[in-house]
Amino acid sequence: MVANRAMKKLLETKLAPEEQKIILSIGELQELLFPPFKFVGDCTILADEPLEILRRGLELYKKDGYDHTWYEAGGTKRYINDFLSVPVSPELGVRIAFLVAQTWAMQLKVLDADGKYCFIVSCDNDEPMVILRFHKIRLNEPRFLCDDLEGYESEAIGYIETGEDLTAPGCADSIRLRDG
């Protein structure tokens, strides 16, 4: 995992026993862990719309000067608290987001065996909403994030990539996933 100091601080914060338990409905859990992956051109996004509409959206995006990475990062953005019955602290939210990223990585490994993905978790300092998004890693396109994560001064931010140990930070019993 690569993270700025603010994200590392969130992940190093010890959670009280009552903070470690959340109530989820089966529907919320299913919607969060098993989103509708769609493959549009060389992009992977989360959407319920028909492919034809998504293809037109990608073309409009490219006309506006954006690349595949930006289309994916926007089309996979999920607010973790939107899937929970009660709000959770940023400290717990980022842990949940990294666990969800692991689950998505395993699904994408089956759906797109040759694809390499970057899963980004962020939390704004002013509004503690935890965001999870991802994009495919392409040799011919820049990453969604800048190399210097400390430059993101107003948010805690970190990422994990497929092909490396995807152990969710701060989650001792999390799943390990490596390519190969």
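Me: At roughly what angle do the axes of helix H3 and helix H4 cross?

Reply: This is a predicted model, in which local features need pLDDT of at least 70, side-chain atom pairs count only at pLDDT 80 or more, and totals for chains, interfaces and linings use all residues. Residues are numbered from 1 along each chain as its sequence is written, and side-chain values use heavy atoms, with hydrogens and water left out. Helices are DSSP runs of H or I of at least four residues, strands are E runs of at least two, and both are numbered from the N terminus. Axes are lines fitted to C-alpha atoms, for helices over the stretch in contact, with angles from 0 to 180 degrees between N-to-C directions. Here H3 (residues 51-63) and H4 (residues 68-75) have axes that come within 10 Å and cross at roughly 125°.

Me: Which residues of H3 and H4 meet?

Reply: Contact means heavy atoms within 4.5 Å. From H3, Leu-54, Gly-57, Leu-58, Tyr-61 and Lys-62 meet His-68, Trp-70 and Tyr-71 of H4. 

Me: How many helices and strands does the chain have?

Reply: The chain has five helices and seven strands. Their order along the sequence is β-α-α-β-β-α-α-β-α-β-β-β.

Me: What percentage of the residues in the chain is buried?

Reply: Buried means under 20% relative accessible area, with a 1.4 Å probe and protein chains only. In this chain, 48% of the 180 residues are buried. The C-alpha trace spans about 50 × 40 × 35 Å along its principal axes. Among contacts between residues at least 6 apart in sequence, 69% join residues at least 24 apart.

Notes: Buried means under 20% relative accessible area, exposed over 50%, partly exposed in between (1.4 Å probe, protein chains only).
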